[in-house]
Amino acid sequence: VQLQASGGGLVQAGGSLRLSCAADGRTLRNYGMGWFRQAPGKEREFVAAISWSGDDIFYADSVKGRFTISRDNAKNTLYLEMNSLKLEDTAVYSCAADESLEFNSGRYRFPGDYVYWGQGTQVTVSS
């Protein structure tokens with residue numbers, strides 16, 4: 001599975017962005033998916049995850065209530081709607097997919113839980 005993230009950019013604090021992650025060459029229908037981010041000098045951190053059906057959705061506490069993850073399996077695309085952006089949301093955002101995520105046990109929160117990764121898209125929030 002090849003993933004392509006897009007939609008990043010420069011936005012003022014309080015603004016919004018919508019990230020997309022498209023899959024090339026294979027359906028995402030059976031894959032759980034997630035968004036991670038990595039700020040300069042920091043480790044990659046979990047942002048949000050969604051099961052293949054969309055029935056299970058989880059967010060990091062830092063983005064809960066501001067970000068919304070969704071997917072359109074017919075379009076093989078994952079989305080991250082980001083609202084009320086803060087300076088601390090500045091990071092490179094990457095999407096990831098895996099067939100074996102286990103949402104009941106928490107096997108979705110760590111980068112090592114995912115096999116397939118897209119290249120990152122830069123999100124910069126300015127004051």
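**Close-up views of buried residues and their partners**

View 1. The model is predicted, so local features need pLDDT of at least 70 and side-chain atom pairs count only at pLDDT 80 or more, whereas totals for chains, interfaces and linings use all residues. Residues are numbered from 1 along each chain as its sequence is written, and side-chain values use heavy atoms, leaving out hydrogens and water. Setting aside neighbours within four places in sequence, R66 is in contact with E81, M82, N83, S84, L85, K86 and D89 (heavy atoms within 4.5 Å).

**View 2. The disulfide of C21 and C95.** The sulfur atoms of C21 and C95 lie 2.1 Å apart and form a disulfide (sulfur atoms within 2.5 Å), and the count for the structure comes to 1. C21 sits in strand β3 and C95 in strand β9, so this pair ties together parts that are 74 residues apart in sequence. The link of C21 and C95 is right-handed, with 70° about the S-S bond. C21 is buried at 0% relative accessibility, and C95 is likewise buried at 0%.

**View 3. The core around L80.** The largest nonpolar core has 39 residues, and those touching the most other members are L3, W35, L80, M82 and Y93 (buried Ala, Val, Leu, Ile, Met, Phe, Trp, Tyr and Cys joined through side-chain atoms within 4.5 Å). Among the elements that give two or more residues to this core are β1 (2-6), β4 (32-38), β8 (77-82) and β9 (91-98). Not counting residues up to four places away in sequence, L80 touches L17, R18, L19, W35, V47, A48, F67, T68, I69 and Y93.

**View 4. F36 and its aromatic partners.** The whole structure contains 9 aromatic pairs (ring centres within 6.5 Å; planes under 30 degrees apart are stacked, over 60 edge-to-face, the rest tilted). The rings of F36 and F46 have centres 5.8 Å apart and planes at 75°, so they are edge-to-face; F36 in strand β4 and F46 in strand β5 are 10 residues apart, and both residues are buried. The rings of F36 and Y114 are also edge-to-face, because their planes stand at 80°, with their centres 5.2 Å apart. This second pair links F36 in strand β4 to Y114 in the loop between β9 and β10, 78 residues apart, and both F36 and Y114 are buried. One aromatic cluster is formed by F36, F46, F58, F103, Y108, Y114 and W117.

**View 5. L101 in its loop.** L101 lies in the loop between β9 and β10 (116-119), and its relative accessible area of 13% makes it buried. The C-alpha atoms of L101 and Y114 are separated by 7.7 Å, although these residues are 13 places apart along the chain. Leaving aside neighbours within four places in sequence, L101 is in contact with G32, M33, R107, Y108, D113 and Y114.

Conventions:
Buried means under 20% relative accessible area, exposed over 50%, partly exposed in between (1.4 Å probe, protein chains only). Helices (H or I, at least four residues) and strands (E, at least two) are DSSP runs, numbered from the N terminus. Rings of Phe, Tyr and Trp (its six-membered ring) pair if their centres lie within 6.5 Å; planes under 30 degrees apart count as stacked, over 60 as edge-to-face and the rest as tilted.
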